Amino acid sequence: MDGDVLIDPEASLQPRRQVVIVFPPLGGQRVNLGRQLYENDRVFRETIQKIDEYTAHLLPVRLVEVLYPGARDEAMYAAVMQQPQYSLSSTFAIEV
């Protein structure tokens, strides 16, 4: 290994990209989380709808339907929300 450079002295001068990985906690999810924002903030609503579209082929029930059900369906979707595919997806959607 004589003459081989293991560390590039110029590497520290180059700008670095940073990556952020979000690990949402479980257990705090509930139906109607962020409903007022969803109903009143266009950007929030569009973001939730985009995530709903992206996850539509992955989830048996649409994410928006589980997050913001009608009054008669709240109890049913409260149980659905505890399933990891919905609790993680909903937390990610709200955090984005």
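In this predicted model, Glu39 is partly exposed, its relative accessible area being 46%. Glu39 takes part in a salt bridge with Arg35, and the structure holds three salt bridges in total. The points below take these pairs in turn, with the setting of each partner.

**Helix α1**

- The side chains of Arg35 and Glu39 meet with an N to O distance of 3.2 Å, and both residues belong to helix α1, which covers residues 35-40.

**Helix α2**

- Arg42 and Glu46 form a salt bridge in which the closest N and O atoms are 3.2 Å apart.
- Both Arg42 and Glu46 lie in helix α2 (residues 42-55), with a spacing of four residues, or about one turn of the helix.
- Glu46 counts as partly exposed, with 35% relative accessibility.

- Arg62 and Asp52 are joined by a salt bridge between their side chains, with an N to O distance of 2.7 Å.
- This pair links distant parts of the chain, since Asp52 sits in helix α2 while Arg62 sits in the loop between α2 and α3 (63-67), 10 residues apart.
- Asp52 is buried, because its relative accessible area of 7% falls under the 20% cut-off, whereas Arg62, at 36%, is partly exposed.

Note on methods
Residues are numbered from 1 along each chain as its sequence is written. This is a predicted model: local features need pLDDT of at least 70, side-chain atom pairs count only at pLDDT 80 or more; totals for chains, interfaces and linings use all residues. Side-chain values use heavy atoms; hydrogens and water are left out. A salt bridge is a side-chain nitrogen of Lys or Arg within 4 Å of a carboxyl oxygen of Asp or Glu. Helices (H or I, at least four residues) and strands (E, at least two) are DSSP runs, numbered from the N terminus. Buried means under 20% relative accessible area, exposed over 50%, partly exposed in between (1.4 Å probe, protein chains only).
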